[in-house]
Amino acid sequence: MTVDGNGARWWPRRVCVLSVHTSPLEQPGTGDAGGMNVYVVQTATRMAERGVQVEIFTRATSSEHPPVVELAPGVLVRHIAAGPFEGLGKDDLPSQLCAFTAGVLRTEARHEPGHYDAVHSHYWLSGQVGWLARDRWGVPLVHSAHTLARVKNAALADGDAPEPMVRVIGEDQVVAEADRLIGNTDEESRQLVELYGADPRRTVTIPPGVDLTTFRPGDRAAARAALDLAPDAVVLAFVGRIQPLKAPDVLLHAAAEMLAVDPGLRSRLVVLVVGGPSGSGMAAPTALQALAVSLGISDVVRFLPPRSGAGLAAVYRAADVVAVPSHNESFGLVALEAQACGTPVVAARVGGLPVAVAEGRSGLLVPGHGAGQWADALAAVALDPALRERLGAGAVAHAQDFSWDRTATALLDTYAGAAEEFAHRQGFSIPQTRVEAGMIRP
C-alpha cells in the first residue's frame with residue numbers, strides 16, 4: 001500500500017486494463033465470454049465510482065465496433081484492430097499480439113507522458129502485451145491469470161485438447177515479469193508459486209465478488225412462471241459456457257441416473273442448460289443436445305440462450321439446485337451468483353470452488369465426476385425441502401462475504417503498493433511524482 005506522510009492511501013488516477021481475447025461488452029456464457037468478462041466489468045465500474053478512470057483495451061472483432069465505447073461513467077472500452085475482425089480463435093491470437101501491442105502503445109502516445117499509473121492484464125495473452133507496456137510507460141504491471149495451462153492440462157475432460165506449449169511458455173514469461181500476480185483464491189496463488197515459480201512476495205490473493213444488488217433472493221414462483229416451469233417441478237440448472245471443461249455432460253448423465261433410480265420423477269424433473277458453445281465445444285455445437293437424446297432424457301432437458309442481469313437471476317431463483325461440475329475453475333462466479341439468490345449449489349471439489357461454496361452450509365462438493373455420485377448429491381438437495389431450505393439460507397449468508405466493492409478496493413491497494421515498489425526500484429517517490437500528477441487520495 002502506498003502512503004503519504006499522514007499514513008493515508010494513494011490510488012492511481014487512471015488504470016489501463018488489458019483484455020485481448022474477449023471484450024467486456026460481450027454477453028457472458030458463449031464463445032470466449034465468461035466469468036472474466038464479468039470480473040473486468042464489475043471491478044472497472046467499482047473503481048470508476050471511486051474516481052479512478054479505467055480504460056479497457058480489447059481486440060476489435062467487427063468493423064462496426066466504434067474505436068471507443070463508454071461502458072459506464074469513467075470506464076472506456078477501446079477496440080484495437082489486430083488481425084481480421086472475424087475468423088480468429090483464441091489459439092490464433094498469439095500471432096496478433098505485436099499488432100495489438102502497437103495499437104495500445106499508439107493510443108498512449110497521443111497523451112502526455114504518465115497518462116496511465118498502472119496496467120492490469122487479464123489472461124496470459126494480455127500479460128504479454130502488459131509486459132511491454134509496463135517497460136515502455138514506466139508503470140507497474142498487475143496480472144490476473146484467471147486460468148492456468150498447467151492446471152488445466154492436469155485435469156482435462158475427456159475429449160478436450162491440452163493447452164499448447166506456447167501458452168505454457170507465455171505464462172512463465174508473464175509470471176516472471178509481473179510486479180504483482182493476483183490469485184482468486186489461496187489455492188490459485190499456491191499454484192502460481194509452486195507450478196510457475198512466482199515470487200510469494202509479489203503474489204496476492206483477492207477473491208472475486210458478486211453483484212449483491214442484482215443477485216439476491218426473490219420470488220421463486222414468479223421466476224418459475226417467467227420460465228414456464230411448474231410450481232412443483234424439480235429443477236436442476238447449469239449456467240455457463242458449453243464446453244468439456246465446464247462439464248455440462250456430467251449434469252445430464254446425473255439426471256439420467258436420477259430417473260433410472262426413480263422413474264416417477266420424470267413427470268416433474270426439468271434440467272435447464274443456460275449458455276452457448278465455447279472453446280473446444282465449438283467443434284460440435286449440438287453435442288450436448290445429442291447426448292440428451294442418447295440418454296433418453298431430451299424430454300426433461302431445456303436449452304436456453306445465455307442471459308445476464310435480471311434474466312439470469314430468475315434462472316437461479318427458479319432452480320432447486322445449481323450444478324457446477326467443472327473439471328477446473330479458478331473460482332466459479334456462477335456458484336456465487338446462485339448462492340446470492342438463495343439457491344444451493346452442488347459443485348465439483350476442484351480449484352476455487354471449495355472457496356466459492358461452503359460445503360454443508362451453502363451447498364455440497366462432489367470429489368469426482370461420476371454419474372452416480374452426482375445423482376446422489378443433486379437428489380439429496382433437490383428432493384429434500386428441509387435440507388434445501390437450510391442450505392439456501394446458508395448460501396445467502398455465504399455470498400454476503402463477497403462483494404465487488406471489496407474486490408475493487410483490494411485491487412486499488414495492490415496497484416498502489418506495486419507502484420510504490422516500482423518507483424522505489426526506479427529511484428523516485430510516489431508521493432512526490434505520481435501523487436502530484438493526480439493520483440487519488442481515498
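Beyond its neighbours within four places in sequence, Gln128 is in contact with Leu97, Gly170, Gln173 and Val174. Contact here means heavy atoms within 4.5 Å. The model is predicted, so to speak of local features requires pLDDT of at least 70, side-chain atom pairs count only at pLDDT 80 or more, and totals for chains, interfaces and linings use all residues. Residues are numbered from 1 along each chain as its sequence is written, and side-chain values use heavy atoms, with hydrogens and water left out.

Gln128 belongs to helix α3, residues 123-137. Helices (H or I, at least four residues) and strands (E, at least two) are DSSP runs, numbered from the N terminus. Gln128 has 16% relative accessibility and therefore counts as buried. The classes are set by relative accessible area: buried is under 20%, exposed is over 50%, and partly exposed lies in between, with a 1.4 Å probe and protein chains only.

Tyr123 is also found in α3. Its relative accessibility is 5%, so Tyr123 is buried. Tyr123 is not a glycine, yet has a positive phi of about 80°.

## Overall fold

The protein chain has 16 helices and 14 strands. Its radius of gyration is 22 Å, close to the 22 Å that the globule rule gives for 442 residues, so the chain is as compact as a globular protein of that length. The radius is taken over C-alpha atoms, and the rule is 2.2 Å times the number of residues to the power 0.38. Along the principal axes, the C-alpha trace spans about 75 × 45 × 40 Å.

Buried residues make up 57% of the 442 residues. Among contacts with a separation of 6 or more, 69% join residues 24 or more positions apart. The chain exposes about 17200 Å², and carbon and sulfur atoms supply 53% of that area. Areas come from the Shrake-Rupley method with a 1.4 Å probe; for residues, only the protein chains shown count as cover.

The expected span is 1.5 Å times one less than the number of residues. Helix α1 is mostly covered, with 13 of its 15 residues buried.

Arg50 lies in the loop between α1 (35-49) and β2 (53-59). At 25% relative accessibility, Arg50 is partly exposed. Arg50 and Lys152 are 102 residues apart in sequence, and their C-alpha atoms are 36 Å apart in space.

## The loop between β9 and α8

Leu245 lies in the loop between β9 and α8. Leu245 is buried, with a relative accessible area of 9%. Leaving aside neighbours within four places in sequence, Leu245 is in contact with Lys152, Ala157, Asp160, Ser326, His327 and Asn328. From Leu245 to Ala348, the separation is 103 residues in sequence and 12 Å in space, C-alpha to C-alpha.

Ala247 lies in the loop between β9 and α8. Its relative accessible area is 0%, so Ala247 is buried. Phi of Ala247 is near 55°, a positive value in a residue other than glycine.

## Helix α13 and its cover

Helix α13 (residues 371-382) has 12 residues. It reaches 16 Å from first C-alpha to last, close to the 16 Å expected at 1.5 Å a residue. Trp374, Ala375, Ala377, Leu378, Val381 and Ala382 are buried in α13. They cover an arc of only 170° around the axis, which puts them on the same side of α13. The arc is that of the directions from the helix axis to the C-beta atoms.

Both strands and helices contribute cover to these buried residues. The cover includes β9 (234-239), β12 (321-324), β13 (345-348) and β14 (363-366), along with α8 (248-261) and α14 (385-399).

## Cysteines

A search of the whole structure finds 0 disulfides, a disulfide being a pair of cysteine sulfur atoms within 2.5 Å. Cys16 is in no disulfide; the nearest cysteine sulfur, that of Cys98, is 17 Å away. For Cys98, the closest cysteine sulfur is in Cys16, too far for a bond.

Is each of these two cysteines buried or exposed? Cys16 is buried, at 0% relative accessibility. Cys98 is exposed, with a relative accessible area of 66%.
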